[in-house]
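Visitor: I am new to reading protein models, and I would like to walk through one with you. Could we take the questions one at a time?

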Amino acid sequence: MPYCEDFAKADGWSAADVSVRLNNKAGRKFLTFLRRSGVTTVIRYYARSARPKTIIPEEAKLLSRQGFGILPIFQDSSRHISNFSSSIGTANAKSAMGFAKRVGQPKDRGSTIFFAVDLDYPATQIDGPILAYFHAIKEEINGTFVIGAYGSGAVLSKLLAEGLITVPWISMSRLFLGTEQFFYSNRWSMRQVPPEVAHGPSGVGYDRNIVRVPRREIGAFQVDESGEGSLA
């Protein structure tokens, strides 16, 4: 089977990433669709700026009540190499941990925060600013959360080799540097399936994701009504 067809296979997708809040009428309708589709994990956003795409405590409680595990990804600005440096990594890690505290993500229990590298960067930039960015993230988080990354195969391969991430998530951009090789290496934990789709009845856009490893290795969490978090 050609790579483009192989990469687009969505059989058994069990996680959805969504950039809108779901604690509303449309969101509830969408969550019903996800449950019926066999989805167990919803991926939502932390972001330094005040954006509607960021998850809020009430939404985290709703997702948990509905039985979903929550995976957060920090994505504020990641589409220019100037968005990556040691100082920005430190600031973003602090911001992500602030969001984690606000929504009840449990510390020191193996829950994961992803950090996005959402563009195709050459090896020189991966080895430079992007590597410095993740070194700073690891130092700042200091084991309180598992660190994941979303990006190209080249980015994920380098970060794994340097011991800077544990959970690699391949972006849907199959022509990014190193993605074909990384896809076939089976070292990824999750991969995003192209293209982005929409649920007609609710109008919610989402991406499908294949989880390759046992669910416990992903590091999703849930929160109870008091806001106390635990691993899903």
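Visitor: Leaving aside its neighbours within four places in sequence, which residues is Leu34 in contact with?
Guide: Please keep in mind that this is a predicted model, so every value comes from computed coordinates. Leu34 is among the residues with the most contacts inside the largest nonpolar core. When neighbours within four places in sequence are set aside, the residues in contact with Leu34 are Trp13, Ala16, Val39, Val42 and Phe68.

Visitor: How many residues does the largest nonpolar core have?
Guide: In soluble globular proteins, nonpolar side chains tend to be buried together. In this model, the residues with the most contacts inside the largest nonpolar core are Leu34, Tyr46, Phe115 and Phe134. The number of residues in this core is 57.

Visitor: Which helix gives the most to this core?
Guide: The largest contribution to this core is 7 residues, and these come from a helix that covers residues 123-141. That helix is α5.

Visitor: How many residues does the other core have, the one that lies apart from it?
Guide: This other core lies apart from the largest one, and among its members are Phe114, Val213, Ile218 and Ala220. Its number of residues is 14.

Visitor: Is Leu156 buried or exposed?
Guide: Leu156 lies in helix α6, which covers residues 153-161. Not counting residues up to four places away in sequence, Leu156 touches Ala149, Tyr150, Gly151, Ile165, Pro168, Trp169, Ile170 and Phe182. The cut-off for a buried residue is under 20% relative accessible area. Because its relative accessibility is 0%, Leu156 counts as buried.

Visitor: What kind of aromatic pair do Phe84 and Tyr121 form?
Guide: A pair of aromatic rings is described by the distance of the centres and the angle of the planes. For Phe84 and Tyr121, the rings are 5.6 Å apart centre to centre, with 80° between the planes. Planes over 60 degrees apart count as edge-to-face, so the pair of Phe84 and Tyr121 is edge-to-face.

Visitor: How many residues apart are Phe84 and Tyr121?
Guide: Phe84 sits in the loop between β3 (69-74) and α4 (86-103), whereas Tyr121 sits in the loop between β4 (112-116) and α5. Phe84 is buried, with a relative accessible area of 4%, and Tyr121 is buried as well, with a relative accessible area of 3%. The pair links distant parts of the chain, and the separation is 37 residues.

Visitor: Which residue does Arg212 lie over the face of?
Guide: One aromatic cluster is formed by Tyr3, Phe7, Phe183, Tyr184 and Trp188. Arg212 lies at 5.7 Å from the centre of a ring in one of these residues, and the residue whose face it lies over is Trp188.

Visitor: Which element gives the largest share of the lining of the largest pocket?
Guide: About 380 Å³ of space lies in the largest pocket, and its lining has 25 residues, of which Tyr45, Gln75, Arg79, Asp118 and Asp207 lie nearest its centre. The elements that give two or more residues to this lining are β7 (190-199) and β8 (204-211). The largest share is 3 residues, and the element that gives it is β8.

Visitor: What is omega for the cis peptide bond that joins Pro194 and Pro195?
Guide: Most residues other than glycine have a negative phi, and most peptide bonds are trans. Pro195 is found in strand β7. The bond that joins Pro194 and Pro195 is cis, with an omega of about -5°.

Visitor: Is Asp108 buried or exposed?
Guide: Asp108 is found in the loop between α4 and β4, and its phi is near 60°, a positive value in a residue other than glycine. The cut-off for exposed is over 50% relative accessible area. Because its relative accessible area is 58%, Asp108 is exposed.

Visitor: What is the phi of Asn186?
Guide: Asn186 is found in the loop between α7 (179-185) and β7, and at 42% relative accessibility it counts as partly exposed. Although Asn186 is not a glycine, its phi is positive, at about 60°.

Methods:
Residues numbered from 1 in each chain as written. Predicted model: local features only at pLDDT ≥ 70, side-chain atom pairs only at ≥ 80, totals over all residues. Heavy atoms only, no water. Core = buried A, V, L, I, M, F, W, Y, C linked by side-chain atoms within 4.5 Å. Buried < 20%, exposed > 50% of the residue type's maximum accessible area, 1.4 Å probe, protein only. Helix = DSSP H or I, 4+ residues; strand = E, 2+ residues; numbered from the N terminus. Contact = heavy atoms within 4.5 Å. Phe/Tyr/Trp six-rings, centres within 6.5 Å; stacked < 30°, edge-to-face > 60°. Lys NZ or Arg CZ within 6 Å of the ring centre and 35° of its normal. 1 Å grid on protein atoms, 1.4 Å probe; cavity = no way out; pocket = protein on both sides within 12 Å on 5 of 7 lines; lining within 4 Å. Points joined across faces, edges and corners; volume = space filled by probe spheres on them.
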